[in-house]
Amino acid sequence: MAEKWKISEPVVEHPSKASCGLTQAVQCAIAQGDDLRGRHFEGESLAFADGPVLDVAGCVFERCTFGELALKRISFADCVFDKCEWSNVRLNHAAFQRVRFQNCRMTGMELAGGVLMNTHFDGCAMDYLSLSQTKLDRTAFEECRMRESLWSEVRLAKARFENCDLTRAQWTRTPLMGTDMSTCRIDGWSITLYDLRGVKLTAAQVISLSGLLGVEIVS
């Protein structure tokens, strides 16, 4: 029997309305070496942030826009992002723990060398998403559009994909052993037989990938 697991939801306890803008709050936290904690930001933009470390905890972001984050390390814990804009943002060595993204736009977002734990993506637009050398542990993608996404050396410790559009996704050194893709669109995948081994698919999906097997389907 397949192992059943659940995602721990963010613990956000009545975050206070931010008294200053997102950019100012982030810059102050970085300058003072403090966490950004327990804030509620709505309709704010963060065009750029530079510095060594930023830890964000217990925050809610609604309709916020994120730009270039040139940080050596950034972590998010117990955070909710609702209808936020993350397109073309690159994050290096980012950590997410008990984080929910709902109805966010993340087209072309890049995550490199990061860790996602108890992270939930729900209804997000994630075409051209790029993940490299990233670990996913108890991470779920539901109703997400992830066309032409790139997965390079990603460790899917516990990852769930439900009703996602993964058309023309590219998988490189990312084993899908035990991952259930049976409810997803997987047309046009670029993947090796090694990485494909052990993935859970429907009969129709197997036929759509028959070219990878070097076989010809005849009636």
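Ala 95 stands opposite Val 115 in strand 10, where a strand is a DSSP run of type E with at least two residues, a helix is a run of H or I with at least four, and both are numbered from the N terminus. This is a predicted model, in which local features need pLDDT of at least 70 and side-chain atom pairs count only at pLDDT 80 or more, while totals for chains, interfaces and linings use all residues. Residues are numbered from 1 along each chain as its sequence is written, and side-chain values use heavy atoms, with hydrogens and water left out.

Strand 8 (residues 94-102) and strand 10 (residues 115-122) run parallel and are joined by seven bridges, two strands being paired if DSSP finds at least two bridges between them. Strand 8 is also joined to strand 6 by eight bridges, again in parallel, and here Asp 82 stands opposite Gln 102 in strand 8.

A cavity is a set of points on a 1 Å grid over the protein atoms alone where a 1.4 Å probe fits but cannot get out, and lining residues have an atom within 4 Å of a point. Of its 13 lining residues, Val 26, Leu 46, Leu 54, Phe 66 and Phe 76 are the closest to its centre.

How values were computed
On a 1 Å grid over the protein atoms alone, a cavity is a set of points where a 1.4 Å probe fits but cannot get out, and a pocket is an open set with protein on both sides within 12 Å along at least five of seven lines; lining residues have an atom within 4 Å of a point.
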